[in-house]
Amino acid sequence: MKIIVLIKQVANKDAILRINPQETWIKEDDISYETNESDGYALEEALRIKEKRGGEVVICTMGPPRVKSVIKDGLARGADRAIHISTRATGASATEEPLHFSPFQTATRLAEALRDENADLILSGLQSDDYGYGQTGVILAELMGFASATIVIEVDASVMDGLRVKRELESGWYQWYQMPLPALLTIQSGISQIRYATLKGIMAAKKREIKEIISTADTAGVTSGQTIARVYLPHKSKETKLLGRGDAKAGAAELAEKLHSDIRII
Amino acid sequence: MSKGILTFIEHRAGALNRTSLEAITAAQKLGADRGEEVTVFILGSNIESLAHEIASYAVAKLLFVDDARLADYTPDAYTDAATSIVRQLDPAFVIMTHTYQVRDFAPKLAARFGRDVICDCIRYNINGSQVVFSRRVFLGKLDADVIGSASPLFVTFQSGAFRADQAQKGSGANVERPVVEIGAVRMTPEPPFQETKQAVDLTKANIIIAVGRGIKSQENIGMVEKLAQALGGELAASRPICDAGWLPIDRQIGSSGQTVAPKVYIALGISGAIQHLVGMKNSSVIIAVNKDAEAPIFDIADYGIVGDLFEVVPALTDAIAKIKAGSL
């Protein structure tokens, strides 16, 4: 089975975000990056399916040169090869802001790059931790004619002519679906324990192929369904009483007093 | 010329998903602001009584598709039917609530029209001829104002962005039964189920002490357990803690876990991603401890301590013990 895993590089969860002077996005140059959480689980699931059914796991990521670190990590964990779709316009300088795409624009570029791969299965995380659209995978499936299922929390790969997948519904409900291949699944975080890269894996990764694609899909030709006009800090819905003025122990003492005399639970 | 607002009503075997009423409220408000009529649509099989119930809301039209192929939700059949309806009505806006089911088929529907969904919005504002939709990005750390480019605009609102009890009743909507085209349905659903009867019912707890990623390792949970005992509260967690197996899944708070509204909710080392906040934001008093002063949890906290939970928790447990000793 040929499995492609879509992996995105996103701002580190603990990164302090600063808004750019145009107020259109964050300043991207002074933060650290990591693999989008649910995409890491998607790769783990792909590796497990390959262990059962055989085949190949190919990771695919789109973005500026910095996303290479995500590719290296994925290869070290066991992916067989990688595809890197460059999003820079031809001739753009290395310091130029990366281009931003709506999910339909991203999916269009991915479809163009992946169509000739003839994959049986495409996995992605359920949403990115930056834009949080949760749509790129589903739209890609539609563009490629694949069946799709979202928020998948278990995959039963023992069904020979397809897959059985467990979707998470709300409030603790679940549902199994049988589906044929080719298919696209968006994977929920926590589907399994993610393996670490071994030293052997890291060494082997150096020899694996990274295919570079400069996307020719003309962004101007694919209308964006939506444009971000402005980003800003959320308006606070409550006035928070801060306790301790930065001193944790003093804060704890003040809080105990509040719990006793104001909130009255002790 | 695209006109009107189309709204989707979700149900499971005829049982209304009440967050769909929030979509009706949103559509009615936007309709009033823009001078547009609201049409709702329901897809299913043998759901006459639900259709009757929905027709009592103040909407111009109810489009009701009763088809055996829509008895159980599948993305193929739902997308096909919804595509037919959107093509026939040609609305300016398609408004839905950002539920798990909508997340499964709405992007596929929008893709049929060569675009995507402006999703998980928390509010909208009218700016001249434009509607500006606001949504959270970076797991709730920032807000983004978004403008759509072409009709129909597919928009989903986060659960809780509008109130279900503000959906206005009317004098009875016209019910139409549109003919829809449904092609091949590739997926076969099995009946939905609940994993196990939840051992812990956190919805009944008065005091909840919840831990997040900031707790760093399973060994540290004992420290929080002591605090929970001192306060007579229940221990709970955000998703990553349950994913890692540090606490059982029946203690998970958030969109995929339990939704609670205790008298006191103490969030320790929880940054406050949207998925967690929807499960606890209606708590009477919210107390947050986090070393990141910018963490979104502080946006909804009544009391906050910016600091290391490993210092705060033992000190707080001691202070509580002293107060208790003094008051006995």
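Strands β8 (residues 162-168) and β9 (residues 173-180) of chain A pair in the antiparallel sense, over 7 bridges. The model is a predicted one. In it, 93 residues of chain A are in contact with 84 residues of chain B. Strand pairing also runs between the chains: β9(A) is joined to β13 (residues 193-194) of chain B, for example.

**The β8–β9 hairpin of chain A**

- E168(A) has Y174(A) as its bridge partner in β9(A).
- The hairpin of β8(A) and β9(A) has 4 residues between its strands. Here S171(A) takes a positive phi, near 55°.
- E168(A) also reaches across to chain B, in a salt bridge with R239(B). The closest N and O atoms of that pair are 3.3 Å apart.

**Strands that pair across the chains**

- Strands of a sheet pair through backbone hydrogen bonds, in a parallel or an antiparallel sense.
- β9(A) and β13 (residues 193-194) of chain B run antiparallel and are joined by 2 bridges. W173(A) stands opposite Q194(B) in this pairing.
- β9(A) also pairs with strand β12 (residues 188-189) of chain B, over 2 bridges and in the antiparallel sense. Q178(A) has T188(B) as its bridge partner there.
- Strand β12 (residues 226-232) of chain A is joined by 6 bridges to strand β9 (residues 142-148) of chain B. These two strands run antiparallel. T227(A) stands opposite I147(B) in β9(B).

**The interface in numbers**

- Between them, chain A and chain B bury about 7,800 Å². Carbon and sulfur atoms account for 56% of that area.
- How many salt bridges cross the interface of chain A and chain B? The rule finds 6.
- Polar contacts across this interface link 37 residue pairs, with both residues at pLDDT 80 or more.
- Helix α6 (residues 248-261) of chain A gives the most to the side of chain A that touches chain B: 10 residues.
- That side of chain A divides into 43 nonpolar, 29 polar and 21 charged residues.

- The open sheet has the order β13(A)-β18(B)-β17(B)-β16(B)-β14(B)-β15(B), and its pairing is parallel.
- Which strands are at the edges of the sheet? They are β13 (241-242) of chain A and β15 (234-237) of chain B, each pairing on one side only.
- Within the sheet, β16 (residues 264-268) and β17 (residues 285-290) of chain B pair in the parallel sense over 5 bridges. A267(B) stands opposite A288(B) in β17(B).
- Helix α5 (residues 221-231) of chain B packs on the sheet. Helix α5 touches β14 (207-211), β15 and β16 of chain B. The direction of this helix makes about 170° with that of β14(B).

**Salt bridges over the whole model**

- Side chains of opposite charge can pair when their charged atoms come close.
- Over all chains, the rule counts 35 salt bridges.
- One of the salt bridges is formed by E117(A) and K2(A), whose closest N and O atoms are 2.8 Å apart.
- Why does the pair E117(A) and K2(A) tie together parts that are apart in sequence? E117(A) lies in the loop between α3 (103-114) and β6 (121-125) of chain A, and K2(A) lies in strand β1 (residues 2-6) of chain A, so the pair ties together parts 115 residues apart in sequence.

Definitions and conventions. Residues numbered from 1 in each chain as written. Chains lettered and ligands numbered in written order. Predicted model: local features only at pLDDT ≥ 70, side-chain atom pairs only at ≥ 80, totals over all residues. Heavy atoms only, no water. Contact = heavy atoms within 4.5 Å. Buried area = accessible area lost by both parts, 1.4 Å probe. Salt bridge = Lys/Arg side-chain N within 4 Å of Asp/Glu carboxyl O. Polar contact = N/O pair within 3.5 Å; in protein donor to acceptor, adjacent residues only side chain to side chain. Nonpolar A, V, L, I, M, F, W, Y, C, P; charged D, E, K, R; others polar. Pairing = 2+ DSSP bridges. Axes fitted to C-alpha atoms, helices over the stretch in contact; angles between N-to-C directions.
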